[in-house]
Amino acid sequence: MSDPGNLNTPPPPPPLVQEGVEVEATTIVAATVKMLTDIATATVASVTEITKASELSTVVPFTNTSDHTYRKSTFVQTVAGEGIAGACVWAAIFITCHQIYQYLRFYTNPAEQRWIVRILFIVPLYAFVSWLSLLFFAYDNYYVYFYAVRDCYEAFVIYNFLSLCYEYLGGEGNIMSEIRGKPIKSSYFYWTCCLAGQSYNIGFLRFCKQGTLQFCFIKPVMSVIVIILQAFGFYHDGNWSP
């Protein structure tokens with residue numbers, strides 16, 4: 001018969017359960033140790049790779065702009081360099097998108113804010129395209145196509161910036177009412193030395209506007225030409241030889 005005083009004492013767990021718990025704990029510890037070992041090994045390998053890349057970058061000279069094999073010896077082409085660039089890119093995208101959201105949330109001055117929002121979109125586009133160009137730099141010059149997309153939007157941004165400047169100054173009519181008839185100051189510093197003796201008028205303002213907007217037309221056209229030449233193998237970035 002069992003002792004009545006020990007009726008409230010829970011029985012000990014079966015031996016198999018204790019052994020199973022010990023085995024599971026041992027497995028978890030072993031897996032954790034292995035994981036830490038792998039992380040340490042990968043870290044050491046990365047540091048070694050960065051060190052070798054830094055040493056090679058001081059040895060390999062920049063000799064040929066059309067041969068991109070030298071980029072493999074620079075820090076920017078390492079995993080660490082691409083990771084740092086990616087972190088900066090996504091930080092810029094997050095900050096700019098938050099700013100765009102704030103402009104759209106408090107859309108109280110559409111005449112000016114619409115131009116500002118369009119200009120701000122150049123930041124995430126430019127950053128992301130540059131990062132993609134870095135990642136695919138060695139893959140058959142894919143970065144040329146990325147640059148073409150970036151250049152087209154850059155031309156669009158120039159147009160929006162000019163429109164924003166006109167909006168800040170009250171429009172073309174208000175600008176002319178302020179400067180009409182005033183003489184153009186001749187200055188070598190502002191490159192207006194060839195305009196000595198002339199005065200501001202609507203023709204001069206239109207000439208400046210046309211000179212700025214021609215970039216918005218020529219840049220996309222040149223980007224399309226570069227894409228066509230690259231597709232047929234006639235374009236070599238950095239090579240100006242005929």
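Tutor: Let us begin with contact, which means heavy atoms within 4.5 Å. The model under discussion is predicted. By that criterion, and leaving aside neighbours within four places in sequence, Asn160 is in contact with Trp115, Arg118 and Ile119.

Student: Where does Asn160 lie, and why is Asn160 called buried?

Tutor: Asn160 is in helix 5. Buried means under 20% relative accessible area. Asn160 has a relative accessible area of 0%, and Asn160 is therefore buried.

Student: Which residues of helix 3 are buried, and what covers them?

Tutor: In helix 3, residues 110-120, the buried residues are Gln113, Trp115, Ile116, Val117, Ile119 and Leu120. Their cover includes helix 2 (79-105), helix 4 (122-135) and helix 5 (143-168).

Student: Why are helix 4 and helix 5 called roughly antiparallel?

Tutor: Their axes come within 9 Å and cross at roughly 165°. Angles over 145 degrees count as roughly antiparallel, and helix 4 and helix 5 are therefore described in that way. Helix 4 passes helix 5 in a left-handed crossing. By class, their contact has ten nonpolar, two polar and two charged residues.

Student: Which residues of helix 4 and helix 5 meet?

Tutor: From helix 4 they include Ile122, Leu125, Tyr126 and Val129. Among those from helix 5 are Phe146, Arg150, Tyr153 and Glu154.

Student: How do you know that helix 5 and helix 7 are roughly antiparallel?

Tutor: Helix 7 comprises residues 202-231, and it packs against helix 5 at an angle of about 170°, with the axes 8 Å apart. The cut-off is again over 145 degrees, so the pair is roughly antiparallel. The residues of this contact divide into 17 nonpolar, three polar and four charged.

Student: Why is Ile227 called partly exposed?

Tutor: Ile227 lies in helix 7. The relative accessible area of Ile227 is 31%, so Ile227 is partly exposed.

Student: What does Ile227 touch, not counting residues up to four places away in sequence?

Tutor: Ile227 touches Tyr145 and Ala148. Ile227 and Tyr145 are 82 residues apart in sequence, with a C-alpha to C-alpha distance of 6.3 Å.

Technical notes
Residues are numbered from 1 along each chain as its sequence is written. This is a predicted model: local features need pLDDT of at least 70, side-chain atom pairs count only at pLDDT 80 or more; totals for chains, interfaces and linings use all residues. Side-chain values use heavy atoms; hydrogens and water are left out. Buried means under 20% relative accessible area, exposed over 50%, partly exposed in between (1.4 Å probe, protein chains only). Helices (H or I, at least four residues) and strands (E, at least two) are DSSP runs, numbered from the N terminus. Axes are lines fitted to C-alpha atoms, for helices over the stretch in contact, and angles run from 0 to 180 degrees between N-to-C directions. Angles under 35 degrees count as roughly parallel, over 145 as roughly antiparallel, 65 to 115 as roughly perpendicular and the rest as oblique. A crossing is left-handed if the near helix is turned anticlockwise from the far one by less than a right angle, and right-handed if clockwise. Ala, Val, Leu, Ile, Met, Phe, Trp, Tyr, Cys and Pro count as nonpolar, Asp, Glu, Lys and Arg as charged, and the others, Gly among them, as polar.
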